[in-house]
Amino acid sequence: MSFPITRLRRLRKNPILRGMISETTISADDLIMPLFVCPGTNINNPISSMPGNSQLSIDLLVEECAKILAVGVKSVLLFGIPESKDETGEVACGHNSIVQKAIRAIKERFGNDILIVADVCNCEYTTHGHCGTIVDGDVDNDLTVVTLAKQSLSLAQAGADVIAPSDMMDGRVKKIREILDENGFSQTPIMAYSAKYASGFYGPFREAAESAPKFGDRRSYQMNPANSDEAMREIALDIEEGADIVMVKPAMSYLDIIRRTKDTFNIPIAAYSVSGEFSMVKAAAANGWIDEERIMMEIAMSIKRAGADIIITYYAKEIAEVLNRK
Ligand code: PBG
């Protein structure tokens, strides 16, 4: 049946009808807010390229979690800025490492009212800024996987609810699953950064986490932005190794990858709308060139429409505030 019998504009006539036939929804339940924790007390170091975000000492981090929970966002993703760094990221594997301490403080205050996702990687903790142990000028896969497993166990022991490896080493999900299971954490899910691209969109994050590589780049372990078939292989392998949730990262320039993942696999999908995506919108809004709230909601909607179940976004709190107003 075509025009004039069919007129698609009939169902766009008023807001109630439009709402009724809306195919995609966003809820605060879908959102995870990334946070950066640093040593000290009463420290709030604003991240200049990510307005509204700061490196926070544990006391202020706990207060920030209270604000996030108050608007209805129930999950945070933690990144640590350590006191000192070393060659292999060992500083991130101890009972008193920065993120472990932060997890205990958050859990002491909020218990199971908050879900803590712990990012697992070495780049914030190594002197050279790479995501693993360097051998002959490149990150050694199998040595790095050992450090990642150790870091994961320590984070789980501190009380992390979900372990999220972001390093892109081969075989790390398997090793992490094994070490968690052997130590009584068989119920702790793994959210794997499965299709993580070597992206220019991480620029502001590297200032925030003080994790820029001191030489070279991450192209020998993160994916080539040109590739989609390879993303499906990465995801298939992570699922086989025991990933409970798979992630596509960045989000906005990789919506096709999210959709393809949704059509190919039957597993929850997280999408990480990364620092550069956030900063671009903030910068354009600060110049008065775009309507920030509208663009923020449209981007989040596009990520859900593409097929993501979970959105990790620096806009989590602001999105929830908009949802609460409606
Ligand atoms: C650590 C890590 C990065 C991000 C999340 N985990 C940076 C990187 O790979 O260089 C990026 C997040 C963002 O840009 O918001 N490996």
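1. Ground rules. The model is predicted, so local features need pLDDT of at least 70 and side-chain atom pairs count only at pLDDT 80 or more, while totals for chains, interfaces and linings use all residues. Residues are numbered from 1 along each chain as its sequence is written, and side-chain values use heavy atoms, with hydrogens and water left out.

2. The core. The largest nonpolar core has 108 residues. Such a core is a set of buried Ala, Val, Leu, Ile, Met, Phe, Trp, Tyr and Cys residues joined through side-chain atoms within 4.5 Å. Buried means under 20% relative accessible area, exposed means over 50%, and partly exposed lies in between (1.4 Å probe, protein chains only). Phe36, Leu78, Ile103, Ile106, Met191 and Tyr272 touch the most other members.

3. Phe36 up close. Contact means heavy atoms within 4.5 Å. Setting aside residues up to four places away in sequence, Phe36 touches a list of residues including Ile47, Met50, Leu56, Leu61, Phe79, Ile81, Phe205 and Tyr314. Ser54 and Gln55 are also among them.

4. Ser54. This residue lies in strand E3, residues 54–57. Helices (H or I, at least four residues) and strands (E, at least two) are DSSP runs, numbered from the N terminus. Ser54 counts as buried, at 14% relative accessibility. Its side chain has a polar contact of 2.6 Å with the side chain of Asn44. A polar contact is a pair of N or O atoms within 3.5 Å; within protein, one must be able to donate a hydrogen and the other to accept it, and residues adjacent in sequence count only if both atoms are side-chain atoms. Beyond its neighbours within four places in sequence, Ser54 is in contact with Phe36, Asn44, Asn45, Pro46 and Ile47.

5. Thr147. Helix H4, residues 141–158, holds Thr147. Thr147 is buried, with a relative accessible area of 11%. Its side chain makes a polar contact of 2.9 Å with the side chain of Asn122. A polar atom of the Thr147 side chain also lies 2.7 Å from the backbone oxygen of Thr144. Leaving aside neighbours within four places in sequence, Thr147 is in contact with Thr88, Cys93, Asn122 and Thr133.

6. Cysteines. A disulfide is counted when a pair of cysteine sulfur atoms lies within 2.5 Å. The count is zero. For Cys38, the closest cysteine sulfur is in Cys65, 14 Å away, so a bond is ruled out by distance. Cys123 is in no disulfide either; the nearest cysteine sulfur, that of Cys121, is 4.0 Å away. Cys38 is buried at 5% relative accessible area, and Cys123 is buried at 7%.

7. Cis peptide bonds. Most peptide bonds are trans. Phe3 and Pro4 are joined by a cis one, with omega about 10°. Pro4 lies in the segment before helix H1 (15–20). Lys249 and Pro250 are also joined by a cis bond, with omega about -10°. Pro250 sits in the loop between strand E10 (245–249) and helix H8 (255–264).

8. Positive phi. Most residues other than glycine have a negative phi. Asn42 has a positive phi, near 55°. Asn42 is in the loop between strand E1 (31–38) and strand E2 (44–46), and is exposed at 60% relative accessible area. Glu210 has a positive phi near 50°. Its loop runs between helix H6 (203–208) and helix H7 (229–241). Glu210 counts as partly exposed, at 40% relative accessibility.
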